[in-house]
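Please open the model in your viewer and keep the selection tool at hand.

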Amino acid sequence: KTMIERDEKKQIAASVAVVVFISAALLVISFIGFMTFKKAQTNEAKQYLYEVTEQYKNTVEKQIDGDMQMLKALSTFIGEGGEFQKEKILEYLKLENSRNHFTKMGYIDLDGIGYFVGLNAEEYYNEDVSSEQFVKEALSGKANVSDTIKDRFTDEYVNCYGVPIYMGGQIIGALSAISSADTFNTIIDRPIFNGKGYLHLIKSNGDFVVRGEKFIVQDELRNI
């Protein structure tokens with residue numbers, strides 16, 4: 001072989017090596033760029049999800065706080081109304097119930113026996129609700145709202161409020177109000193990630209506080 005042929009082969013080999021090196025370098029740069037872009041997208045999505053979650057959480061908390069303030073004022077009015085008469089309380093609750101979004105309101109005595117009235121003049125008297133957690137807390141002096149549970153009267157999903165009633169510094173019973181879970185679902189059932197994301201409110205133990213109307217798992221789960 002002539003020297004010229006040998007030089008040409010060396011040039012070709014060198015050119016191939018340069019092309020391979022450049023291709024490998026471009027591949028590495030492209031991979032790094034892709035991973036950087038993907039990480040940036042992930043961080044952006046996380047930040048967006050955090051902001052959306054905080055927004056909806058604050059909206060739900062405002063709804064609960066407004067409801068709770070109204071019920072506390074009502075329980076104070078009942079407790080300071082002088083002579084305690086269950087019949088008068090229930091008549092007042094019927095009137096009050098027509099002015100708010102609750103599906104039912106009621107009075108619960110110290111034994112956990114409830115007397116409830118509904119929006120459509122339904123009456124549910126002498127109902128033993130002593131085992132309900134929101135009732136136990138209310139009768140112990142703690143105003144609270146339950147997780148989403150099934151309404152014992154309709155089997156619909158609801159959230160139950162319980163507020164203690166004081167008279168002369170002593171707890172004489174509790175005021176209860178039942179809100180359809182749709183009240184909170186309406187707040188969180190809004191599309192995120194261009195309609196591909198769904199929101200639910202979940203406690204640290206996995207229990208649903210509010211489960212949105214749209215969900216991937218179709219089973220009637222109350223805990224994930």
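Helices (H or I, at least four residues) and strands (E, at least two) are DSSP runs, numbered from the N terminus. By this rule, E96 is found in helix α2. Residues are numbered from 1 along each chain as its sequence is written. The model is predicted, so local features need pLDDT of at least 70, side-chain atom pairs count only at pLDDT 80 or more, and totals for chains, interfaces and linings use all residues, while side-chain values use heavy atoms, with hydrogens and water left out.

**Stop 1: the whole chain**

Display the whole protein as a cartoon. The protein has four helices and nine strands, which run α-α-β-β-β-α-β-β-β-β-α-β-β from the N terminus on.

Next, colour by pLDDT, the predictor's confidence in each residue, from 0 to 100. The average for the protein is 77, and 58% of the residues score at least 70. Where pLDDT is low, the predicted coordinates should not be read in detail.

**Stop 2: helix α2**

Select residues 86-97, which form helix α2.

Which residues of α2 are buried? A residue is buried under 20% relative accessible area, exposed over 50%, and partly exposed in between (1.4 Å probe, protein chains only). The buried residues of α2 are I89, L90, L93, E96 and N97. Seen down the axis of α2, the buried residues fall within an arc of 120°, so they line one face of the helix; the arc is that of the directions from the helix axis to the C-beta atoms. On the other side of α2, select E87 and K88, which are exposed.

Now centre the view on E96. This residue is buried, with a relative accessible area of 13%. Contact means heavy atoms within 4.5 Å. Leaving aside neighbours within four places in sequence, E96 is in contact with M70, L74 and M105.

**Stop 3: salt bridges**

A salt bridge is a side-chain nitrogen of Lys or Arg within 4 Å of a carboxyl oxygen of Asp or Glu. Side chains of opposite charge can pair when their charged atoms come close. A search of the whole structure finds seven salt bridges.

Select E91, K94 and E123, which are linked in a network of salt bridges. The closest N and O atoms of E91 and K94 are 3.5 Å apart. Both of these residues lie in helix α2, three residues apart, about one turn of the helix. In the bridge between K94 and E123, the closest N and O atoms are 2.8 Å apart. K94 lies in helix α2 and E123 in strand β3 (residues 123-128), so the pair ties together parts that are 29 residues apart in sequence. K94 counts as partly exposed at 27% relative accessibility, and E123 likewise at 44%.

Then select E127 and R152, a salt bridge whose closest N and O atoms are 3.8 Å apart. E127 lies in strand β3 and R152 in the loop between β5 (149-150) and β6 (157-167), so this pair ties together parts that are 25 residues apart in sequence.

**Stop 4: the nonpolar cores**

A nonpolar core is a set of buried Ala, Val, Leu, Ile, Met, Phe, Trp, Tyr and Cys residues joined through side-chain atoms within 4.5 Å. Select L71, L93, M105, Y161 and L175: of the 20 residues in the largest nonpolar core, these touch the most other members. The elements that give two or more residues to this core are α1 (3-79), α2, β1 (104-108), β2 (113-118), β6 and β7 (170-180). The most come from α1, with five residues.

Apart from this core lies another, of 12 residues, among them F134, L139, C160 and I178.

**Stop 5: two loop residues**

Finally, select A121, in the loop between β2 and β3. A121 has a positive phi of about 70° although it is not a glycine. Most residues other than glycine have a negative phi, and most peptide bonds are trans. A121 is exposed, with a relative accessible area of 62%.

Move on to D155, in the loop between β5 and β6. Phi of D155 is also positive, near 70°, and D155 counts as exposed at 52% relative accessibility.
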